[in-house]
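Please look over the sequence and the structure below before reading on.

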Amino acid sequence: MTPAHPRHRRVWLLAGSAEAGRAAAVRMLAAIPAHRQLWVGNAAPAGATRIEAARAGTVLGGEFDALVFDAWCGFDPDALGATAGTVRGGGHLLLLAPPLADWPTFADPDAERVLVAPWTMADLAGRFLRRAARLTAADPAMTVIDPEQSHALPR
């Protein structure tokens, strides 16, 4: 899991079930020696440094070797941007999300936060997540991994 250049940040998308993605993130982070890690979301493993996405601004100015952003807990792009900025050069960002084909129909727990009257959750119709999935899949800097395929995990 070393980057091509020691100062480049690596971005890994673990696109699969929530349980498989979280387990794969734990295995991947175990391969990074002496690191400070931060989990964003409410489903971090025991003992991990964790914050809710709504508190992303509290880590600005901090620095982490690895960041796990659990989009299964809600995909707040502002929180992703704020916390991604804390990943040091040579660090790793792991984004946990549903499979790309399923992500647009995912009932995102964060979506309700952006609703304004008179619209409902049905009116959102996954537009933002559809775009996020499409752009993510097309980004050459992003390594997309199916965490259910253990042989696909980098060592």
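Two strands are said to pair if DSSP finds at least two bridges between them, and the helices (H or I, at least four residues) and strands (E, at least two) named here are DSSP runs, numbered from the N terminus. This is a predicted model, in which local features need pLDDT of at least 70, side-chain atom pairs count only at pLDDT 80 or more, and totals for chains, interfaces and linings use all residues. Residues are numbered from 1 along each chain as its sequence is written, and side-chain values use heavy atoms, with hydrogens and water left out.

**The sheet**
- An open sheet is formed by 6 strands in the order S3-S2-S4-S5-S1-S6, and the pairing is parallel.
- Strands S3 (50–51) and S6 (142–145) stand at the edges, each with a single partner strand, so one side of each has no neighbour in the sheet.
- Strand S2 (residues 37–40) pairs with S3 in the parallel sense over 2 bridges, and Val-40 stands opposite Ile-51 in S3.

**Strand S5 and its partners**
- Strand S1 (residues 10–15) pairs with S5 in the parallel sense over 6 bridges, and the bridge partner of Val-11 in S5 is Leu-93.
- Strand S4 (residues 64–70) runs parallel to S5 and is joined to S5 by 6 bridges, while Ala-66 has His-92 as its bridge partner in S5.
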